[in-house]
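Notebook open, model loaded. Here is what I looked up, starting at the ligand.

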Amino acid sequence: MMRIAVLVSGEGSNMQSIIDSTKNGNLKGIAQVVLVISNNSNAYALRRAENENIKFVCIEERKNFGNEKSFNGAILEELEKAKTNIVCLAGYMKMIGHVIIEAYHNRILNIHPALLPKFGGKGMYGHYVHEAVVKAKETESGATVHFVEKEYDNGEIIIQQKIEVFKNDSPEDVAKKVLVIEHQIYPEAIKKIIENKM
Ligand code: GRF
């Protein structure tokens, strides 16, 4: 069984799709979510973790740890304590530290709500992504699961799936369509790397 840790900051619907997949979907029998880490104690994702009886911890502000190194060290310590094999960023709004990327190289995944390399990089998160897609009059958008490297949104792509963007779609319309496929492709991408198909 692969042991997954999920890092979240908000709603946690992608985290939920991963958990559901370990219970009833294509991750059943091959993976389990053993740890949820959030930088935000109000994240609904933590309530979901509690409901699922999954261990969760809140590691909030760098300032509580004195410096960047000890903040990331605290995250790394929790990951190691939980014997984590795979780290999934699912709406995690902080930069992940280099020390973690080095320790878990090619084992940290992220989901981005656009077709990378388009609409990625600094400042491209949440609704900003969908607003930019609509503004650029794109006829398609989508979601990407990729490995996390030191540079933003720059790691190798594991799975990407498209949705159609219609002329009158608002950014919220695009976000809704993208979220539906996010929930499908994140568990698929995890399965792909567990089965060594990358
Ligand atoms: C998703 O759109 C994801 O692509 C992005 O942040 C959002 C998180 O949503 N990185 P949720 O917390 O999983 O519901």
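Predicted model: local features only at pLDDT ≥ 70, side-chain atom pairs only at ≥ 80, totals over all residues.

I started with N14: one of its backbone N or O atoms sits 2.8 Å from an oxygen atom of the ligand. (A polar contact is a pair of N or O atoms within 3.5 Å.) For G12 I also read 2.8 Å, again from a backbone N or O atom to a ligand oxygen. At E182 the side chain takes part, with an N or O atom 2.7 Å from a ligand oxygen. Then I checked burial: the ligand alone exposes 360 Å², and the protein buries 82% of that (Shrake-Rupley areas, 1.4 Å probe).

Numbering runs from 1 along each chain as its sequence is written, and side-chain values use heavy atoms, without hydrogens or water.

Next I listed the surroundings of the ligand: E11, G12, S13, N14, G91, I111, H112, P113 and E182 (a heavy atom within 4 Å counts as near). By class I get two nonpolar, five polar and two charged residues, with Gly counted as polar.

Why is the ligand between the domains? Domain 1 (1-105) and domain 2 (112-198) both give residues to its shell, so it lies between them; the bounds come from an automatic or database assignment.

Last, I looked at the loop between β5 and α5 (127-135), which holds P117. A cis peptide bond joins L116 and P117, with omega about 10°. F119 is in that loop too, and its phi is positive, near 55°.

Technical notes. Polar contact = N/O pair within 3.5 Å; in protein donor to acceptor, adjacent residues only side chain to side chain. Helix = DSSP H or I, 4+ residues; strand = E, 2+ residues; numbered from the N terminus.
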